[in-house]
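Open the model in a viewer and keep the selection panel at hand. The stops below are given in the order in which to select them.

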Amino acid sequence: MHIRISPDKGRTALEILRERQFSERGIAVSAPCGGHGFCGKCRIRVVSGEAPISPQDMLLLTPEKIADGIRLACSFVPSGECVIETTAEGVPDKAAVHRCILGSAYETDTRISSVPLPPDTTDLFSAITPQMPFNPLVTKYIAGRCALVAAELVKKGGSKSGSKGVYLPVYMLHDSERLMDISLQPEIPAFGIACDIGTTTIQVSLMDILKGSVIAGTSMMNPQRIFGADVVSRIQAADSGKLTELTRLVIGSLVNTIAALCGEAGVNPDDIRKIVVCGNTVMTYLFAGLSCTALGRFPFMTAVTAPILLSFGDISPGGVCSSLVFLLPGISAFVGGDVLAGMLSLGIDRTSESVFFLDLGTNGEMALALPPLPRTAGSAERIICASAAAGPAFEGGGLSSGCGAIPAAVVSVSLEGGHLAGFVTDSGAAASGKVVGLCGSAYIDALAIALEQGWLLPSGELIPEYAGEGIPVKTGTELRKGIQTFYITQKDIRALQLAIAAIRASAEALLEKTETAPADIACVYIAGSFGSSLNGKHAVRIGLLPEAFWEKITPCGNTALAGAQSVLCNSTGMARLERIRRRAEALSLAEFPGFQELFLRYMNFPPH
């Protein structure tokens, strides 16, 4: 996309794009480091106009990139009017917006019932609502619908009005807890939206809540990433006066996505009855427009311990619909509603075995569910949770060739002919030389193979042969066009070591806290887009997970979205969420004795 910008009081292109992103669709740029000039990801191409080279450009871009007009948006200050375009490396959105492979049918308690009423019933609101409660946020809508249907009822009754023993059916759309709509027609369309707001990506699904089925879904990059790749950057931005902008970004993205999904599925947005949103605690606060200050300061407290109910019409004036929004609560400042929803989707609250759950993303949230003692049939008695500050490395952030788990990315790596070969989901991108980079699972594969081949030492140091450029990963083959080479550098490996150590030390802390041996864990669920492509054997080889977990690993995709879909279709899901939340205990890793020692121990890779 070509964007025309002009000098603006010495502001950088990144600052200009941040402001214009709110009003102009399609403008976005990735800034994992928050625009501080050390990640090299906020790349733009200067198409016309002056293109001065900054010190950051010289440090983080190759001479070939600079010659091609590539600049870093965080350090590019336009000296005159110029035209720029966001690059595929800086903004992988076009490749990232892909169809989600979602679950099939969910159990639903949404249904249509009829009630016989005399045709001269004028106060339908008083006649129906005492028996069928509704949420106060939709009072105006329900009252309006009652008035409209009452008028239709009288009109339809005609000469029968006032006749004794004559009744006409009025149909009610409702779940087991609340009224959603009324009509004189026996068929009332009912759809809902489930949304998982991740720090890096947002996934959304459109559901027919009467059937409990997903009819459309998509994912996109979180537009808030222009303020940084991690939650700390977002908290800092919110505290520096950007809270409203962060909220507008994510709600605006959801408005556009709902409109697109409804258009694709032929659904009237007015027929969307409810929206269920989950995310980590910071994303939840930013969606609701709440101050994040307490989340970024000791003792890191959260005030959201119950679902937040909002009217989408109130928070998105002029938006596509006015349905209820259920914003799922979290467990602590570090363990959010996405983890709670994930545990719900996997039935962890009903398990009779020890289960380990790990959502691998920018924040490595995990939970250990333990059955009652003695270990007999029953539901999980105790759930211990923690959040590892893994950083964005597993989602490609801060890595020289890193990117998210998108179709045009290398998702896995194997050893072929003595070198690392990358597999790309989008074969067209591989054949045409338009692969974006390596996602987290590809890096895990590469590290494990490099350790086995002796290219990488347990200390994390590359052997001299690869100490310069790094270990090459090739896409395509010599027999076809489109071959590209990406390099895994020493700096990449150090960043991955920190992320791996954070996850492993946190897992070991949970096991120590509960006096549970890794061998006693019956099942290991790995959630998230990263977990879907994770090679369990390679994860164990690099020390990310205990060896005893290897054959117990079950990749399970986006469990947070699945949990939101479950709550969307069945109102009893909210009660189950609350039971899980009450049983869950958040472990503060900062206060856990010996955590630093665990972290340092797992900084090194396991020996051969």
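Select Glu365, which lies in strand S15 (residues 364–370); strands are DSSP runs of E of at least two residues and helices runs of H or I of at least four, numbered from the N terminus. The model is predicted: local features need pLDDT of at least 70, side-chain atom pairs count only at pLDDT 80 or more, and totals for chains, interfaces and linings use all residues. Residues are numbered from 1 along each chain as its sequence is written, and side-chain values use heavy atoms, without hydrogens and water.

Glu365 is buried (under 20% relative accessible area, 1.4 Å probe, protein chains only). It has no salt bridge (a side-chain nitrogen of Lys or Arg within 4 Å of a carboxyl oxygen of Asp or Glu). The nearest side chain of opposite charge is Arg234, 12 Å away.

Next, show the contacts of Glu365 (heavy atoms within 4.5 Å). Beyond its neighbours within four places in sequence, they include Asn280, Phe334, Asp338, Val339 and Ser387.

Just after H10, Gly347 has a positive phi of about 70 degrees.

Finally, go to Arg234 in H7, one of the residues that meet H8. Select H7 (residues 231–265) and H8 (residues 281–288), whose axes come within 7 Å and cross at roughly 65 degrees (lines fitted to C-alpha atoms over the stretch in contact, with angles from 0 to 180 degrees between N-to-C directions). On the H8 side, Val282, Met283, Leu286 and Phe287 take part.

Methods
Buried means under 20% relative accessible area, exposed over 50%, partly exposed in between (1.4 Å probe, protein chains only). Lys and Arg count as positive and Asp and Glu as negative; His and the chain ends are not counted.
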